[in-house]
Amino acid sequence: MRGQGTATVTPNRCMICGETNATQTSQCLACAAPMALLHDSIAQDREPQIVSIIGDTNVGKTVYLGFLLDMLTHRAGDFEAIPKGAYSIDLQQTVISNMARRLFPPKTPMEANQWYWAYYQVYQRASQAKWVDLIMPDIAGESLAAEVAAPNTFKVIRNLLNKSAGLMLLTDAALAASGSSQPDFFAVRMLSYIDTMYGTGRNQRINTPTAILLCKADQCPDCFDDPTKFVKANMNRLWNLCESRLSNFAFFACSVVGSLGYATAPQEDYVIPVPLHTALQGVLEPFQWVVDQL
Ligand SMILES: Nc1nc2c(ncn2[C@@H]2O[C@H](COP(=O)(O)OP(=O)(O)OP(=O)(O)O)[C@@H](O)[C@H]2O)c(=O)[nH]1
Ligand SMILES: [Mg+2]
Ligand SMILES: [Zn+2]
C-alpha cells in the first residue's frame, strides 16, 4: 500500500527526535517539531533530508530563508520547488509581505513551538537531474546560542544538527568588517559544538557539506569579489577551524537589500533600519552548492 513504505517511521513517531506522540498532536510533545512533517513524508514515501540554517541572532537567517524559499517557488535558476503542506508557506509569506511594506520580519522567538518549518520537494534540472526533499527550520539565534553554551537545553536543535545532511552557517559580514570579533567567535563556537557532538576523532573531519554565508554583504561589497579572502582577513579563527576540522566547505557572500534607510519615531531613542528596496544577490548560489553535495 502506498504511504506505508518508509520502514523506519511509525505514524506517530516524531521524525526529528524519535519520541512517540499521541496521534492527534500537531507538534511533537518532546521537541515541538510539527508532526505534519512526518505525515507529509510518509505520503512522499521518501526520507527527507534536513538542511539547517544556523547563525547568531540578528545575522539574517529568517530574511535569507524566506527569500530563498520564495526564489525556489519562483523556479529560480535550475530549481523547481513544491511546498509540502500549507505550514511550509508561512515563513516565505511573512518575509515577503513584511519586506513589501519596507519592514524587516520580527525576530524569531526562542520557543521552538513558534518556529517556522519548511518542507519542500526540490527538483534540480541540471546535467544530473535530481529530486531532493528538504526540511529547513528557521531556528532562533538565541536558542542556538543557549544550546551551544549548555548542550541539551534545546533537544530539538541537537537532534536537528545531528540529522542534518547539509549546513548553512550564516555570519554577519557587515559586523565583521567593522572590526567586531563577535561573528568570528560565534561561528567558531557553533562549529566546535558540532565537532564535539559528532565526536569526530582527531584524524577525521566533519564531512557534512557546510556553506558559510557572509550576510549583509551590501554593507561591505568587497566580500562579493573574494569571500574566502574576506574570511581569512576578518574571521581568521573561523577560517583556521574550517581548514582543520571540515572536509567539505565553501564561502559565499549574500545580501537581500539594495539600500537601507534609517528611521526613528519622535520621543524614541532607537533607530531602526528600513529596507528601501530588495535586491537579491548571492541567495541561490550557496543553496545550489549544498544541493550539489547531497
Ligand atoms: N544590510 C542588510 N541587513 C540585513 C540583511 N538581512 C538582514 N538584515 C538585518 O538583519 C536583521 C535581522 O534579520 P533576521 O533575518 O531577523 O535575523 P535572524 O538571524 O533570523 O535573527 P534571530 O531570529 O534573532 O535568530 C534585520 O532586521 C535587518 O536589519 C541584508 O541582506 N542586508
Ligand atoms: Mg529569525
Ligand atoms: Zn520530536
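Modeller: Let's begin with Arg75, which sits in the loop between helix 2 and strand 2 (79–83). Helices (H or I, at least four residues) and strands (E, at least two) are DSSP runs, numbered from the N terminus.
Colleague: Before we go on, what kind of model is this, and how is the numbering done?
Modeller: This is a predicted model, where local features need pLDDT of at least 70 and side-chain atom pairs count only at pLDDT 80 or more, while totals for chains, interfaces and linings use all residues. Residues are numbered from 1 along each chain as its sequence is written, and chains are lettered from A and ligands numbered from 1 in the order in which they are written.
Colleague: Thanks! What is phi of Arg75 near?
Modeller: Phi of Arg75 is near 60°, a positive value in a residue other than glycine. Most residues other than glycine have a negative phi.
Colleague: And is Arg75 buried or exposed?
Modeller: Arg75 is exposed, with 12 other C-beta atoms within 10 Å. The cut-offs are 20 or more other C-beta atoms within 10 Å for buried, 12 or fewer for exposed, and partly exposed in between, with C-beta atoms placed from the backbone.
Colleague: Where is Asn58 found?
Modeller: Asn58 is in the loop between strand 1 (49–55) and helix 2 (61–73). Its phi is near 75°, again positive in a residue other than glycine. Asn58 is partly exposed, having 15 other C-beta atoms within 10 Å.
Colleague: Switching to strands: how many residues of strand 5 are buried?
Modeller: Eight of the nine residues of strand 5 (residues 164–172) are buried, so the strand is largely enclosed by the rest of the structure.
Colleague: Which strands pair with strand 5?
Modeller: Strand 1 pairs with strand 5 in the parallel sense over six bridges, and Ile50 stands opposite Ser164. Strand 6 (residues 210–215) also runs parallel to strand 5, joined by six bridges, and there Asp172 stands opposite Cys215. Pairing here needs at least two DSSP bridges between the strands.
Colleague: What about the largest nonpolar core, which residues touch the most other members?
Modeller: Of its 86 residues, those are Ala33, Tyr64, Ala173, Leu213 and Leu214. Helix 2 gives the largest share, seven residues, and at least three residues come from each of domain 1 (1–47) and domain 2 (48–293). Such a core is a set of buried Ala, Val, Leu, Ile, Met, Phe, Trp, Tyr and Cys residues joined through C-beta atoms within 7 Å.
Colleague: What does Ala173 touch?
Modeller: Not counting residues up to four places away in sequence, Ala173 touches Leu214, Cys215, Lys216, Ala217, Cys220, Cys223, Phe230 and Ala253. Contact means C-beta atoms, placed from the backbone, within 7 Å.
Colleague: Back to the domains: how far apart are the centres of domain 1 and domain 2?
Modeller: They are separated by 26 Å, taken over C-alpha atoms. The contact takes 15 residues from domain 1 and 14 residues from domain 2. The bounds come from an automatic or database domain assignment.
Colleague: Last one: which residues of helix 11 are buried?
Modeller: In helix 11 (residues 284–293), Pro286, Phe287, Val290 and Val291 are buried. They cover an arc of only 135° around the axis, which puts them on the same side of helix 11. That arc is taken from the directions from the helix axis to the C-beta atoms.

Notes: Contact = placed C-beta atoms within 7 Å.
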